[in-house]
Amino acid sequence: QVQLVESGGGLVQAGGSLRLSCAASGVIFSINDMSWHRQVPGKQRELVAVITSQRRTDYADSVKGRFTISRDNAKNMVYLQMNSLKLEDTAVYYCAMRPYGTTWSRASWGQGTQVTVSS
């Protein structure tokens, strides 16, 4: 069974940086598309960034130029480098994976890691 575990969240001041990590197990990691999402209580999850098995990337307009998604297939890890953090970046951040040969409706999700940006 696939398992995704996020880490690296915490409390930072506006303008600061955090690096989130997501460790995947139970899969052949390199063939799967990976993504980061975030969620504020009472709202639906929002796509933040995606990186495909071919390392094509895309970002939400709100984070372009500030966040970078990357992957290390040898370590079964995906990362989200977050720079120039803003108050509105505060959310629970989730890692997701689309299993090879399936659609995003079958994505697996991690438990989330809290990111809080303070003034």
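**Exercise 1. Is D89 buried or exposed, and which residue does its side chain meet in a salt bridge?**

Solution. 
Step 1. D89 has a relative accessibility of 0%, so D89 counts as buried. The model used in these exercises is predicted.
Step 2. The cut-off for buried is under 20% relative accessible area. R66, at 10% relative accessibility, also counts as buried.
Step 3. The side chains of D89 and R66 meet in a salt bridge, with 2.7 Å from N to O. This pair links distant parts of the chain: D89 is in the loop between β8 (77-82) and β9, while R66 is in the loop between β6 (57-59) and β7 (67-72), 23 residues apart.
Step 4. Salt bridges that share partners bring R38, E46, R66 and D89 into one network.

**Exercise 2. Find how many salt bridges the whole structure has, then describe the one between D33 and R98.**

Solution. 
Step 1. Searching the whole structure gives five salt bridges.
Step 2. One of the salt bridges is formed by D33 with R98, whose closest N and O atoms are 2.7 Å apart.
Step 3. Apply the cut-off for buried, under 20%. D33 has a relative accessible area of 9% and is buried. R98 counts as buried as well, at 16% relative accessibility.
Step 4. The bridge partner of D33 in β9 is R98.

**Exercise 3. Classify D61 and K64 by their relative accessibility.**

Solution. 
Step 1. Exposed means over 50%, buried means under 20%, and partly exposed lies in between.
Step 2. D61 has a relative accessible area of 66%, so D61 is exposed.
Step 3. K64 stands at 46% relative accessibility, so K64 counts as partly exposed.
Step 4. The side chains of these residues, D61 and K64, meet in a salt bridge of 3.1 Å, N to O.

**Exercise 4. Identify the disulfide and explain which parts of the chain it ties together.**

Solution. 
Step 1. A pair of cysteine sulfur atoms counts as a disulfide within 2.5 Å. C22 and C95 are joined by a disulfide, with 2.1 Å from S to S. By this rule the count is one disulfide.
Step 2. C22 is in strand β3 (residues 18-25) and C95 in strand β9 (residues 91-98), so the pair ties together parts that are 73 residues apart in sequence.
Step 3. Read the angle about the S-S bond. It is -80°, and the link of C22 and C95 is left-handed.
Step 4. Check the accessibility. C22 and C95 are both buried.

**Exercise 5. Which strands pair with β9, and in what sense do they run?**

Solution. 
Step 1. Start with β4. Seven bridges join β4 to β9, and these two strands run antiparallel.
Step 2. Go on to strand β11 (residues 113-118). Three bridges join β9 to β11, again antiparallel. Here the bridge partner of V92 in β11 is Q114.
Step 3. Turn to strand β10 (residues 108-109). Two bridges pair β9 with β10 in the antiparallel sense. The bridge partner of M97 in β10 is S108.
Step 4. Consider how covered β9 is. Eight of its eight residues are buried, and β9 is mostly covered.

**Exercise 6. Describe the nonpolar patch that includes I28.**

Solution. 
Step 1. List the members. I28, I31 and Y100 form a nonpolar patch on the surface.
Step 2. State the area. Together they have about 340 Å² of accessible area.
Step 3. Locate I28. This residue lies in the loop between β3 and β4 (33-39).
Step 4. Classify I28. Its relative accessible area is 60%, so I28 is exposed.

**Exercise 7. Summarize the secondary structure and overall dimensions of the protein.**

Solution. 
Step 1. Count the elements. The protein has zero helices and 11 strands. From the N terminus on, the order is β-β-β-β-β-β-β-β-β-β-β.
Step 2. The C-alpha atoms fill roughly 45 × 25 × 25 Å along the principal axes.
Step 3. A compact globule of 119 residues would have a radius of gyration near 14 Å, and the protein agrees, with 14 Å.
Step 4. State the buried share. Of the 119 residues, 42% count as buried.

Conventions: Residues numbered from 1 in each chain as written. Predicted model: local features only at pLDDT ≥ 70, side-chain atom pairs only at ≥ 80, totals over all residues. Heavy atoms only, no water. Helix = DSSP H or I, 4+ residues; strand = E, 2+ residues; numbered from the N terminus. Buried < 20%, exposed > 50% of the residue type's maximum accessible area, 1.4 Å probe, protein only. Patch = residues over 30% accessible without salt bridge, like charges linked within 9 Å, V, L, I, M, F, W, Y side chains within 5 Å. Areas by Shrake-Rupley, 256 points an atom, 1.4 Å probe, with all protein chains shown as cover. Salt bridge = Lys/Arg side-chain N within 4 Å of Asp/Glu carboxyl O. Pairing = 2+ DSSP bridges. Rg over C-alpha atoms; globule rule 2.2 N^0.38 Å.
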